Structure formats: structure tokens, C-alpha cells
Amino acid sequence: MSDVLALRGAPIAETVRAGIADDVGRLKASGLEPRMAVVVASNDPATISYAEAKGRTAAKLGVALDVVTVDPAQGQAALEGVIAELSADANVQGILLDLPVGEGLQAEPAIDRIDPLKDVDGLTSVNLGLIALGREAEAIAPATPDACIRLAEETGSLSGRRVTVVGRGRSVGRALAPMLINRDATVTVCHSKTPDLTAAIAPADVVFVAAGRPGLITEAHIRPGQVVIDAGINMVDGRLVGDVAPAVAEVASAITPVPGGVGPLTSSLIFANLVRAIALQRQGS
Ligand code: NAP
């Protein structure tokens, strides 16, 4: 990277984690032991290792975390049954279903088995619906879009800025677009049917990329001065890479590195959402 500003997740994540540790201390002093369940319904080693990584973060924060595995061969009913049980369990305050789920399983109905007040990844239709309606203050916001926005805001408020989101996927783009509208940005959303990505990206002050396509965005798509937020996580030849080619760092004014940008902040925001979920549960909203 030349003079580009590297938007790193770790410093913001550190501040977020300090706040969470204080909140967890207060909750424990009040007699509540925060507990989160991560449901893994996949045989993919990467998915299992991400779940275990969340366990290590939880341990540092004093949060109990259970990794609950469901063999995809057990089927949809078993997966939904496990999530329904966790939703009804008063000792569990947060539930997250790791995506993607294994072959033969459907994520959508399983996500909606999560009690919206325990939905620490903010992906249930209730939380996404509130966000789409502009009622984000009542919702639990999805952690990855939240991380993308916090990193972009390191370069200034998004109000009145032109932004382009590449990807309308379940984990990132679908929620990121209305969250940006809620912050008064002017939003363009691209997807696989967008005929000319370069033209859609050109007017943007900030470009968010979440397509799950390594190197999709190159220096040919980006003009000098644009801020680039890369949420992509792809394994290529055993290396973690984003959706944005490394040469973009020579053109953009600021960019999130992969690894080290959106990912580390997302992992901390999941636990911030657990604290928020507990507050909402106590209000009974
Ligand atoms: P997804 O559901 O697989 O959706 C991918 C989106 O990209 C779709 O909307 C698709 O368009 C669009 N797309 C694919 N090829 C394209 C192209 N050539 N041009 C324009 N758009 C294209 O993705 P997701 O679950 O939202 O995840 C997106 C990325 O974020 C993945 O790399 C994922 O690993 C990563 N992620 C990162 C974190 C983190 O903590 N950093 C967390 C979660 C996910 P269509 O809708 O037309 O198919």
C-alpha cells in the first residue's frame, strides 16, 4: 500500500471489547452468567474452526459459549428443533447459526427459529424487518454490516455520501444497504445481474464489497480518492483473501485489509450484540 489509509479492525475491536468486558462484569455482579450458543450444522472444517475461534474470544470476555453441532445428515427438522430448544432455554441469552449450513439444509427457516431477542447476528426476519423499516434502534443489527459501517465512518460520517454496495447476500449486503439508507447515505446496490460494475461504482465516495468472489474488484473499477471496504472472506491456495485485488490499495484513499479489516471487528460486535440482547430481554421488548 502506498499513501493509502489502512482501515484496521483491531483498534476499534479493542475498544468494543473493553466495553463488553465491563458490561459482562456488571451482568455477573447482578447474578447473570452470559451464555451464547453457536450452532454449527456443517462438516466444513473452516466453519467449525470459526466457531471455535468465537469460543476463544468468549473466554477472554468472560462469556460462556457452547458450540452446538448438528450433523447435516440429521436433517432440517433436527436443526430447527435444536434452535427452538435454545430459543426456549432461559440460560442461553444469545444464539448464532454459523453460515453456510451443510448440504441439504435450508438456512432461512432455521434462522427464523432463533428468538429475535437472542439473535446476536441480527439475521432473523424480525431484526432485518425493523432495520428495513428504519427502526434500527429497536433491532439487533447484523455484526458484519455494522463492522463495515464503523470502519467506513473512520473516514467521516456517511450522511449525504454516495455509496455503492457490491453484493446483496444474506450475511452482508442485504442488511448493509438499508443500514446505509438509515445513515442518510445515497445507496446503489450491485449484484450478479448488474451489467456494468465500473459504472455503478464510479459515482461512489465509499465502495462496500461483499460478493464472496476473490479479486472481483480490481484497480480498473476504482478511481483515486474512493474508500473501499472489503467484507469478502475467501480461501485461495490456503491464504485468506478478500473480494478486492491488492492493487486497489494503490488507487483508493482508504481500504480495509484482508485479513485484519472487517473480520476482527465483526467477531467483537457479535459479543456487543449479546450484551444488547440481554438488555432487550430484560426490557421484555
Ligand atoms: P452471498 O449470500 O453468497 O451473496 C453474494 C452476493 O454477491 C450476491 O448478492 C451475488 O449476486 C453477488 N455477486 C456474486 N458475483 C458477483 C459479481 N460478479 N458481480 C456483482 N455481484 C456479484 O454472500 P454473503 O453471505 O453476504 O457474504 C459475502 C462475503 O462476505 C463472503 O465472502 C463472505 O465470506 C463474507 N463474510 C464476511 C464476514 C466477516 O466477518 N468479514 C462475515 C460474513 C460473511 P446475486 O444476488 O445476483 O446472486
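Visitor: In strand 7, which residue is the bridge partner of Val166?

Guide: This is a predicted model. Strand 5, residues 162-166, pairs with strand 7 in the parallel sense, over four bridges. Val166 has its bridge partner in strand 7, and that partner is Val209.

Visitor: How many bridges join strand 7 to strand 8?

Guide: The two strands run parallel. Within strand 8, Val228 is the bridge partner of Val207. The bridges that join strand 7 to strand 8 number four.

Visitor: Which residues of strand 7 point the other way from Val206 and Phe208?

Guide: Val206 and Phe208 point one way from strand 7. Two residues point the other way, and all of these residues are buried. Those two are Val207 and Val209.

Visitor: In what order do the six strands of the open sheet come?

Guide: The pairing in this sheet is parallel. Its edge strands are strand 1 (5-6) and strand 6 (186-190), each pairing on one side only. The order is 1-11-8-7-5-6.

Visitor: Which residue in strand 11 does Ala6 stand opposite?

Guide: Strand 11 covers residues 254-255. Strand 1 pairs with strand 11 in the parallel sense, over two bridges. Opposite Ala6 stands Ile255.

Visitor: At about what angle does helix 6 run to strand 7?

Guide: Helix 6 spans residues 143-152. The helix lies across strand 7 (206-209) and strand 8 (227-230). Its angle to strand 7 is about 155°.

Visitor: Ile149 lies in helix 6. Does Ile149 count as buried or exposed?

Guide: Ile149 touches Phe208, as well as Leu158, Leu176, Met179, Leu180 and Arg183, leaving aside residues up to four places away in sequence. Its relative accessibility is 1%. Buried means under 20%. So Ile149 counts as buried.

Visitor: How many Å apart in space are Ile149 and Met179, C-alpha to C-alpha?

Guide: The two residues touch. In sequence they are 30 residues apart. In space, C-alpha to C-alpha, the figure is 8.4 Å.

Visitor: Which residues have the most contacts inside the largest nonpolar core?

Guide: This core has 53 residues. Helix 9 gives the largest share of the core, eight residues. Apart from it lies another core, of 17 residues, among them Val4, Ala200, Ala252 and Ile255. In the largest core, the residues with the most contacts are Leu180, Phe208, Ile229 and Phe271.

Visitor: Which residue takes a positive phi just after helix 2?

Guide: Helix 2 covers residues 45-61. Just after it comes a positive phi of about 80°. The residue is Gly62.

Note on methods. Residues are numbered from 1 along each chain as its sequence is written. This is a predicted model: local features need pLDDT of at least 70, side-chain atom pairs count only at pLDDT 80 or more; totals for chains, interfaces and linings use all residues. Side-chain values use heavy atoms; hydrogens and water are left out. Buried means under 20% relative accessible area, exposed over 50%, partly exposed in between (1.4 Å probe, protein chains only). Contact means heavy atoms within 4.5 Å. The expected span of a helix is 1.5 Å times one less than its number of residues. A nonpolar core is a set of buried Ala, Val, Leu, Ile, Met, Phe, Trp, Tyr and Cys residues joined through side-chain atoms within 4.5 Å. Two strands pair if DSSP finds at least two bridges between them. Axes are lines fitted to C-alpha atoms, for helices over the stretch in contact, and angles run from 0 to 180 degrees between N-to-C directions.
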